[in-house]
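Subject: Structure handover

Hi there,

Here is the structure I promised to pass on to you. Please open it alongside this message.

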Amino acid sequence: MTPTEPQIALWVEEAKTNSQAADRFIQQYLGFIKSELAKFLHTSPDFGYEDELSIAMFAFYEAILGYQRGRGAFLPYASRAIKNRLIDYYRREKRHERQISLNQPYGDEEEGGELLHILPEEKNPLEESVHRKATQAEIEEFRCQLEQFGIHFSAVADNSPRQQRTLNACQRALSFARENPELLEQLLRTQKLPLKELAQGAGVERKTLERHRDYLMAILLAFTNGYEIIRGHLCRLYPAEKGGEP
């Protein structure tokens, strides 16, 4: 029988503090790990991909340690962790394939210098392709989660604050929610925005938040488990007042 999400969450909690339980859990989901690796490679990982499999298994263990119960299902979170680790691995490997000393001299003694100062920053087509595919997959997964909440991307765009004062009020509410994880858990559990708590906690008018409900829900959902790429864009678009994340 397929384990339920609550059962998986219990196993994850046990695996966080019990190495034997962690080993059992990883072995139990080795098929899932290999499946995620196969999706990334677009081929079977059974032969010649021992390094990648080790990285995927380690990423799964990292997901166990980093998972927060109540902020989304574990397996999608682990899937994103595996994908991100593999992307990092291929980026490093591609750099090392062409590695030469950047301190290597060029030109004559008088006019010359070091390669470090003249080499342009290269674009890596493979790296860009991998990142593009990962971004597309994450956006599609995010779109599906939004639809479970009755929200569409077009509605989020239309519902975004237009005035700076309104945007600031929404940002205060978002910051308050992220400082109080129980509100994110409540959002996921009820699929409703905790307007009363956000308005009181952030010191903003409830009507302001009600007018931008879809926008607020979308941003908060992006800050539940996973969605690292989307969160990275959000942090650049909406930097926190003190230099941290929004």
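This is a predicted model: local features need pLDDT of at least 70, side-chain atom pairs count only at pLDDT 80 or more; totals for chains, interfaces and linings use all residues.

Residues are numbered from 1 along each chain as its sequence is written, and side-chain values use heavy atoms, with hydrogens and water left out.

The protein chain has 13 helices and two strands; these are DSSP runs numbered from the N terminus, with helices being H or I of at least four residues and strands E of at least two. Among its 246 residues, 39% are buried, where buried means under 20% relative accessible area, exposed over 50%, and partly exposed in between (1.4 Å probe, protein chains only). With contact meaning heavy atoms within 4.5 Å, 63% of the contacts in the protein chain with a separation of 6 or more come from residues 24 or more positions apart.

Now to the helix pair. The axes of α8 (residues 164-179) and α10 (residues 195-202) come within 9 Å and cross at roughly 105°; axes here are lines fitted to C-alpha atoms, for helices over the stretch in contact, with angles from 0 to 180 degrees between N-to-C directions. The two helices are therefore roughly perpendicular, a label for angles of 65 to 115 degrees (under 35 is roughly parallel, over 145 roughly antiparallel, the rest oblique). On the α8 side, Arg-172, Ala-173, Phe-176 and Ala-177 meet Glu-197, Leu-198, Gly-201 and Ala-202 of α10.

As for charge pairs, there are six salt bridges, each a side-chain nitrogen of Lys or Arg within 4 Å of a carboxyl oxygen of Asp or Glu. One of them joins Arg-85 and Glu-62, at 2.6 Å from N to O. This pair links distant parts of the chain, with Arg-85 in α5 (residues 74-97) and Glu-62 in α4, 23 residues apart. Arg-85 is partly exposed at 30% relative accessible area, and Glu-62 is partly exposed at 27%.

Glu-147 and Arg-143 also form a salt bridge, at 2.6 Å from N to O. Both sit in α6 (residues 125-148), four residues apart, about one turn of the helix. In α11 (residues 206-211), Glu-210 and Arg-206 are likewise four residues apart, and their closest N and O atoms are 3.2 Å apart in a salt bridge.

Happy to talk it over.

Best wishes
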